[in-house]
Amino acid sequence: MTPREGRARRLGWLLAGALAALSALPLGALAQEQSAGEERAMTMEAATGAQTENIPGGMLMVVAYGVVWALVFGYVGWLGMRQSKLAGDLARLSDDIARASSKAASKAEPEAAGPKAAATKKKPKKGASED
Amino acid sequence: MSTPATRPSPIWLGLGALTAALLLADLYMIFIYAPVELRMGIVQKIFYFHVPSAYAMYVGFAICGIASAGYLVRRTERWDAVAVAGAEIGLLFCLIVLITGPLWARKAWGVWWTWDPRLTTTMLAGMIFAAYVVLRSFGDAGEAERRFASALAIVGLFVLPIIHYSVQRWRGTHPTVITSQGGGLAPEMLQTLLFSIGAFTALVAWLIWTRTRHERTRQELARLEVEAAEVGLLEDT
């Protein structure tokens, strides 16, 4: 092991130790506060009959649901638009590459067969063989 | 022309239809089936979207963290695509949680925001994954950016249990409804909450699938652009 590798390994162990210590800190705090959640446990009960509210919450609820739907539908719509644009670009590029490849292949074919064959292909003589 | 990367699968379409049906049924459960809460009134109905959104946020961020670890081990684009999808969908639901929570708190606590442990840790997780999304949205991320973002997502993964247990173990104002002792929900409310969580499970699964598909298409396009440059198609760009 080179000194550089040794230093890198020690640094790696140090970082792993620091990460483990950071992860353990909240766990220690959690252990000290076992009952805090239980102490403020709340009950939700169903109302029976007509009720009046001291702070009207109807508008807050409408805004909350409106925000949820706006965010979800907005995101799905945005994703749909981007997906169709990407699909279009992908199809166009695939076609371009296929065209360019076939063009390059047809250009390379006579050159690969030699200059004489290329000349023959360019100016075919009457009755001459193509192979 | 549709390629294998862009062609929608019947299972994806089916899951989308199922999600839409479940969300419609969920609205019926929330507004018709579940009773109005005695002390908080109608604003308590935010709870049926707020809690499942928090759960969907956990799912998205956890998938991002796990897929990022998978990417660091395997270095395949498939893991990377799933990680990007998880981060973005998790962030969407984190935003929903951080907006619907204060709307409920205004009525229940009289304030829009307080530096309660759960609220603060949720915001911290949101900021970590927002950094991930921003880092990945700077055009085509190189290998170094991808690895850095993956490490960031793994750090974010460590915050998730802290968010979850902060409300149970530390003193704060955020309520707990379902605990081992005390608290609780009226039976119709509990059924509605469980149904909402089911509907949001379908929603988050469908959204992550959709976003992963989109990311795979983008990766395919990036690969084709390299191929096009090799055959001399992109010389003027």
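Let me start with helix 2 (residues 47–74) of chain B and helix 5 (residues 143–169) of chain B, whose axes, meaning lines fitted to C-alpha atoms over the stretch in contact, come within 8 Å and cross at roughly 140 degrees. Helices here are DSSP runs of H or I with at least four residues, numbered from the N terminus, and angles run from 0 to 180 degrees between N-to-C directions. This is a predicted model, in which local features need pLDDT of at least 70 and side-chain atom pairs count only at pLDDT 80 or more, whereas totals for chains, interfaces and linings use all residues. Residues are numbered from 1 along each chain as its sequence is written, chains are lettered from A in the order in which they are written, and side-chain values use heavy atoms, with hydrogens and water left out.

The two helices are therefore oblique to each other, given that under 35 degrees counts as roughly parallel, over 145 as roughly antiparallel, 65 to 115 as roughly perpendicular and the rest as oblique. Where contact means heavy atoms within 4.5 Å, residues of helix 2 of chain B including B:Phe61, B:Gly65 and B:Leu72 meet residues of helix 5 of chain B, among them B:Arg147, B:Ile154 and B:His164. The residues of this contact divide into 15 nonpolar, four polar and three charged, with Ala, Val, Leu, Ile, Met, Phe, Trp, Tyr, Cys and Pro taken as nonpolar, Asp, Glu, Lys and Arg as charged, and the others, Gly among them, as polar.

Turning to the other partner, the axes of helix 2 and helix 3 of chain B come within 7 Å and cross at roughly 155 degrees, which makes helix 2 of chain B roughly antiparallel to helix 3 of chain B. By class, that contact has 17 nonpolar, nine polar and two charged residues.

In the loop between these two helices of chain B we find B:Arg75, which has a positive phi of about 60 degrees although it is not a glycine. Most residues other than glycine have a negative phi. B:Arg75 counts as partly exposed because its relative accessibility is 40%, the class between buried, under 20%, and exposed, over 50%, with a 1.4 Å probe and protein chains only.
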